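Here are my notes on this one, point by point. Have the viewer open while you read.

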Amino acid sequence: MGNLLENILINYRWIFVCFFLLPLSTIYNVWFYARNWLIFKLGSAPKQHNLRVRDIQRQVKEWRAAGGKTPMCTGRPGWLTMSLRLGQYKKKLHQIYLPLMDVLDIDTSRQIVRVEPLVTMGQLSATLLSQGWTLPVVPELDDLTVGGLINGTGVETSSHIYGLFQHICVSYELILSDGSVVTCTKDNEPDLFYSVPWAHGTLGFLLSAEIRIIPAKKFVHLQYTPTYTLDDFIKKFTYESTRKDPHQFVEALAFGPDRSVLMVADMTDQPDPKKINKIGHYYKPWFYKHVETFLRKGPSEEYIPLQDYFHRHTRSLFWQLQYIIPFGNNQLFRYFLGWLMPPKVSLLKLTQGETIRKLYEEHQFIQDLMIPLNSLKEAIGVLHDTVKIYPIWLCPFLLHADPGMVHPQQDSGQMYVDVGLYGEPQVMGYQAARDTRKMEAYCRKTGGFQMLYADSYMTKDEFCEMFDHQLYDKMREQLNCKSAFPHVYDKVGRKTLL
Ligand SMILES: Cc1cc2nc3c(=O)[nH]c(=O)nc-3n(C[C@H](O)[C@H](O)[C@H](O)COP(=O)(O)OP(=O)(O)OC[C@H]3O[C@@H](n4cnc5c(N)ncnc54)[C@H](O)[C@@H]3O)c2cc1C
Ligand SMILES: NC(=O)C1=CN([C@@H]2O[C@H](COP(=O)(O)OP(=O)(O)OC[C@H]3O[C@@H](n4cnc5c(N)ncnc54)[C@H](OP(=O)(O)O)[C@@H]3O)[C@@H](O)[C@H]2O)C=CC1
Ligand SMILES: CC(C)=CCC[C@@H](C)[C@H]1CC[C@H]2C3=C(CC[C@]12C)[C@@]1(C)CC[C@H](O)C[C@@H]1CC3
């Protein structure tokens, strides 16, 4: 009986998603964009920021006046977030509401955009591109927020030049546990500035951030190079990730241990009209499926609108939508219903129910491992033996030698690679807790880090071995965080010991 229910839930979730969630997602998007447009037209965002900050200060001061016994977290419901977890800890914590969702200022002379933490990547890239600008690092998936990317982390295909999302940030405006508001930069309050990323809001709440912007062009010139042996792939990927005159974007998809497609791209305003491919159109094939065709067709090049490039994996949620709508890439489906895609991650989370959540936990492996580039060849072998999931998302990034939770083992910046696995393990006898712990141990061995949008199965000691807690602990002591916020491990750790 249990198996029958599981089969129905897995195989027929698409009925609910297509007939209910897709229309609902579209209505939600239209409402969201209309609201942003109106706020911008009324020009009220910056003024309201100060009013909102005062209201947040009032909430924190009231929490203190009431004894400040229960630690705080943001009041954003767990189902709305892009993390895999539902954030059950929120039920036990005191929630502070941060209704901060506006782009406050675009200062083109300083090349800085000032934004509130709930601004999403979709909203921000549309806003900036309409002015001819972009963030140097635009993490994929429209609904990721600035707050989540700063307090967690963000990575994208330009990260081999600019680093992680935290490395393009110039200042953070924060409210601390005593209700005071501070602005930190790398020169003013450097300890606070460097300890905020990866701390998951356990030092203070982010109120706004200043982020670097760079001029944008209309297209990217994207070149695809298929490779058919692991050695050839590693050689070419390493070269493109570390060369002195790098392409602006570098990414690879591994479709098997020996079959990969390497992609390098550069912004341009002079596309070859015969080679333009507007991959963002709703009837176009899912991007990873399109990329796979180059294994057969051989090397190729295309010109893709910049906005389409930035959000190329959004329509198929990387390759996760194949498990929910197995015929989602079918041509007929794309022409009839493709314009409604993708269902919103938040609505999928809200409606998944406990059984589907558990099925994902037990039968899907969704993790990003950030490891030194020189471990990649070995890692692909280890991953093949432990989970055997393809495609694998490969994205090089420069890990700056800054203080804080993550830094390279050496004193200067080092090239790392984000290894993203989002699928059903194809190995016999996969066991979620055992095999995730195996991957985490491997990641620690290489000197790497686990992305924390997915639960960590490490013990607290193992977690402290992976992430440098020196500065974090010092700041928690100095800012009286111990009773004000949970420890980061208490937000992201499963505490499952084998
Ligand atoms: C400071 C700022 C905040 C924004 N905040 C949001 C937001 O929170 N959410 C969102 O979805 N979009 C925001 N936008 C973007 C805005 O929605 C887009 O620019 C809009 O979609 C363009 O619409 P339009 O073509 O009707 O422009 P119009 O309103 O017709 O304006 C024409 C052009 O004038 C320029 N312009 C107008 N006002 C400003 C200004 N204050 N500073 C600089 N240039 C300006 C722009 O280049 C714009 O394209 C913001 C833009 C700016 C500059
Ligand atoms: N391309 C990429 O780089 C991708 C990144 N991700 C990951 O997704 C997550 C982001 O998802 P998103 O939904 O935006 O964020 P979440 O709401 O999941 O927030 C992530 C963490 O940041 C904290 N946080 C968020 N806003 C604030 C704030 N204003 N002040 C203090 N703390 C805050 C949250 O605290 P609290 O628990 O109190 O709410 C939470 O612990 C990140 O972990 C990111 O690494 C996922 C997919 C792709
Ligand atoms: C590019 C990087 C660094 C990460 C990409 C991660 C995404 C593939 C995942 C982040 C959140 C995930 C969720 C799901 C699929 C995979 C992600 C988009 C679900 C939609 C899967 C179905 C469940 O019912 C809900 C999940 C919510 C989070």
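1. Ligand 3 first. The shell around ligand 3 is made of 13 nonpolar, three polar and four charged residues; here Ala, Val, Leu, Ile, Met, Phe, Trp, Tyr, Cys and Pro count as nonpolar, Asp, Glu, Lys and Arg as charged, and the others, Gly among them, as polar. That shell has 20 residues, and the closest are F318, Q320, L348, Q352 and Y422. A residue is near a molecule if its C-beta atom, placed from the backbone, lies within 6 Å of it. At least two shell residues each come from helix 13 (345-351), helix 14 (353-363), strand 14 (365-372) and strand 16 (414-423). Helices (H or I, at least four residues) and strands (E, at least two) are DSSP runs, numbered from the N terminus.

2. Some housekeeping before going on. This is a predicted model, in which local features need pLDDT of at least 70 and side-chain atom pairs count only at pLDDT 80 or more, while totals for chains, interfaces and linings use all residues. Residues are numbered from 1 along each chain as its sequence is written, and chains are lettered from A and ligands numbered from 1 in the order in which they are written.

3. F318 has a positive phi of about 55° without being a glycine, and its place is the loop between helix 10 (306-310) and helix 11 (321-324). F318 counts as buried because it has 22 C-beta neighbours inside 10 Å. The cut-offs: buried means 20 or more other C-beta atoms within 10 Å of a residue's own, exposed means 12 or fewer, and partly exposed is in between, with C-beta atoms placed from the backbone.

4. N480 is another non-glycine with a positive phi, about 50°. This one sits in the loop between helix 18 (470-478) and helix 19 (488-492), and with 13 C-beta neighbours inside 10 Å N480 is partly exposed. For context, most residues other than glycine have a negative phi, and most peptide bonds are trans.

5. The bond from M341 to P342 is cis, with omega near -5°; P342 is in the loop between helix 12 (331-337) and helix 13. The bond from Y390 to P391 is cis too, with omega near 0°, and P391 belongs to the loop between helix 15 and strand 15 (392-399).

6. Now ligand 2. Its shell has 31 residues, of which C73, G147, G148, G152 and G201 come nearest. Two or more residues each are given by strand 1 (72-74), helix 5 (146-151) and strand 8 (205-212). Helix 5 gives the most, with four. By class, the ligand 2 shell splits into 14 nonpolar, 13 polar and four charged residues.

7. Which residues of helix 15 are buried? They are L376, A379, I380 and L383. Viewed down the axis of helix 15, its buried residues fall within an arc of 100°, so they line one face; the arc is that of the directions from the helix axis to the C-beta atoms. On the other side, G381 and D385 are exposed. The cover over the buried residues includes helix 8 (230-242), strand 11 (249-254), strand 14, strand 15 and strand 16. Just after helix 15, K388 takes a positive phi of about 50°.

8. Lastly, F219 in strand 10 (residues 219-227). F219 is buried, with 25 other C-beta atoms within 10 Å. Leaving aside neighbours within four places in sequence, F219 is in contact with T268, P271, Y303, I304, P305 and L306. The C-alpha atoms of F219 and N277, 58 residues apart along the chain, are separated by 10.0 Å.

Terms used
Contact = placed C-beta atoms within 7 Å.
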